[in-house]
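Please read them with the structure open.

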Amino acid sequence: MAPSLLAMTCAEMERLAVELDLPGYRGRQLFAAIFAKNRRQFAEMTTLPRPIRDQLASRFELDRPTVEARQLSADGSRKYRLQAKDGARFEAVYLPEVAAGRKTNTLCVSSQSGCSLGCAFCFTASLKRHRNLHASEIVGQLMVVRDDLEALGPEAQVSNVVFMGMGEPLLNFAEVVQSARILMDGSGLGYAPRRVTVSTAGVVPRLADLGRALPVQVAISLNATTDAVRDRIMPINRKWPLATLIDALRHYPLPHRRRFTIEYVLLDGVNDSLDDARRLPKLLAGIPVKVNLLPLNAHPRTSLASPPAARVAAFQTELRRAGMNAIVRTARGRDIAAACGQLGDEALTPAGAADVRG
Ligand code: SF4
């Protein structure tokens, strides 16, 4: 398969131009044509002379993932089931939102087709891991969604990108870092580092690498306050338990005035007690965080349930009493199975998520 130009930064395209005996600025023009001007074909890149376009077309490709299905939610969210050339499937979700009077249109991208980590509350876990996605397939998710949103007018633009779709981003480290660099490249898409978030279930050895590689926002999918519970709902905890993960956060090179986002999926009778709510601030003491509380989004492959609203409110109140910034996130796209933990294709593989209530 020819290499994809969707996987190159501007600096890499400049080097490529020099390798092809062209002036470096031709590489910059190429990068701008693809990412700033959204040219989908070499023939459309009229800033480049035709012989150069022909030369590039014979050696590289610009293909984007194919949209296999698109579902629209009543709340404006859109879920895209995408397919790579080899048939690998993955999903991206567009989530338009108005929060604190500001419009934030977030795109949630996948880093793997399926996932190997087996979190008990997550539909994707039941699909197992198929393969890592290439940087071109990650960036390609944004490109196809941008195209689809064009019809909605200038308001519908992706303002934030979160690596929270299918897969564990830090188990596909190199491709995730490369794709984030392309998203943030000022000569093209130009996303500010604050508008790009990488989420992890806690691949501890890669956390410090992430901090050194990228100044992006970091979200930690925590979901428990004891190893006994986290071992059951997130098997990765058996390898890197809570103390190891929290220690990695303490040593993370967090940019000035930044905070980690702590994701906490509330599971009825599993991790939602007031004792949990009291332990959480102690566990994270001294670490700059904000906490997102996410009542479980039900799906057919788990017997876990969301707590009653009163318990969710009590949990939040307890965190706030301890001085934590804690918000309850309203599920988006639940009607099209596009909410957190719901991504995946029911038809793809057999059921498999376990009931982990103790
Ligand atoms: S929650 Fe994330 S890390 Fe856990 S199984 Fe699902 S996709 Fe994988």
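**Notes on the predicted model**

1. Ala243 counts as exposed, at 59% relative accessibility. The cut-off for that class is over 50%. Ala243 sits in helix H9, which spans residues 242-250. Its C-alpha lies 8.5 Å from that of Leu283, although 40 residues separate Ala243 and Leu283 in sequence. Keep in mind throughout that this is a predicted model.

2. Two non-glycine residues with positive phi deserve a look. Arg257 has a phi of about 60 degrees and is not a glycine. It belongs to the loop between H9 and S10. Arg257 is exposed, because its relative accessibility is 70% and the class begins over 50%.

3. Asn223 is the other case. Its phi is positive, about 70 degrees, and Asn223 is not a glycine either. The residue lies in the loop between strand S9 (217-221) and helix H7 (227-233). Is Asn223 buried or exposed? Its relative accessible area is 0%, so Asn223 is buried. I would check the backbone at both sites by eye.

4. Strand S11 covers residues 289-295. Of its 7 residues, 6 are buried, so S11 is largely enclosed by the rest of the structure. Strand S10 (residues 260-266) pairs with S11 in the parallel sense, over 7 bridges. Within this pairing, Thr261 stands opposite Lys290 of S11. From S10 the chain passes through helix H10 (residues 274-283) to S11, in a right-handed β-α-β crossover.

5. S11 also pairs with strand S12 (residues 326-328). The sense is parallel, and there are 3 bridges. Val291 has Ala326 in S12 as its bridge partner. The chain goes from S11 through H11 to S12, and this β-α-β crossover is right-handed.

6. Pro308 is in the loop between S11 and helix H11 (309-321). How accessible is Pro308? The residue is partly exposed, with a relative accessible area of 40%. Pro308 and Pro295 are 13 residues apart in sequence, and their C-alpha atoms are 8.9 Å apart in space.

7. Strand S7 (residues 160-163) is covered on both faces. Side chains in a regular strand alternate between the two faces of the sheet. Here Asn160 and Val162 are on one side, Val161 and Phe163 are on the other, and all are buried. What does S7 pair with? Strand S4 (residues 102-108) runs parallel to S7, joined by 3 bridges. Thr106 stands opposite Asn160 in that pair.

8. Strand S8 (residues 196-200) also pairs with S7, in the parallel sense and over 3 bridges. Phe163 faces Val198 of S8. S7, helix H5 (residues 173-184) and S8 form a right-handed β-α-β unit.

9. Next, the ligand. Which residues are around the ligand? They are Cys115, Leu117, Gly118, Cys119, Phe121, Cys122, Ala125 and Gly167. By class, this shell has 6 nonpolar residues, 2 polar and no charged.

10. How many cavities of 30 Å³ or more does a search of the whole structure find? The search finds 1. The largest cavity holds about 50 Å³ of space. Its lining consists of Met13, Leu16, Ala17, Leu20, Leu22, Arg26, Gly27, Leu30, Leu48, Ile52 and Leu56. Helix H1 (10-19), helix H2 (24-36) and helix H3 (50-59) are the elements that give two or more residues to this lining. The lining divides into 9 nonpolar residues, 1 polar and 1 charged.

11. Last, an open site. The second largest pocket has a volume of about 280 Å³. It is lined by 18 residues, and Met1, Glu61, Lys85, Ser136 and Glu137 lie nearest its centre. Its lining residues are 6 nonpolar, 5 polar and 7 charged.

Key. Residues numbered from 1 in each chain as written. Predicted model: local features only at pLDDT ≥ 70, side-chain atom pairs only at ≥ 80, totals over all residues. Heavy atoms only, no water. 1 Å grid on protein atoms, 1.4 Å probe; cavity = no way out; pocket = protein on both sides within 12 Å on 5 of 7 lines; lining within 4 Å. Points joined across faces, edges and corners; volume = space filled by probe spheres on them. Nonpolar A, V, L, I, M, F, W, Y, C, P; charged D, E, K, R; others polar. Helix = DSSP H or I, 4+ residues; strand = E, 2+ residues; numbered from the N terminus. Buried < 20%, exposed > 50% of the residue type's maximum accessible area, 1.4 Å probe, protein only. Near = heavy atom within 4 Å. Pairing = 2+ DSSP bridges. Right-handed = clockwise from strand over helix to strand, strands pointing away.
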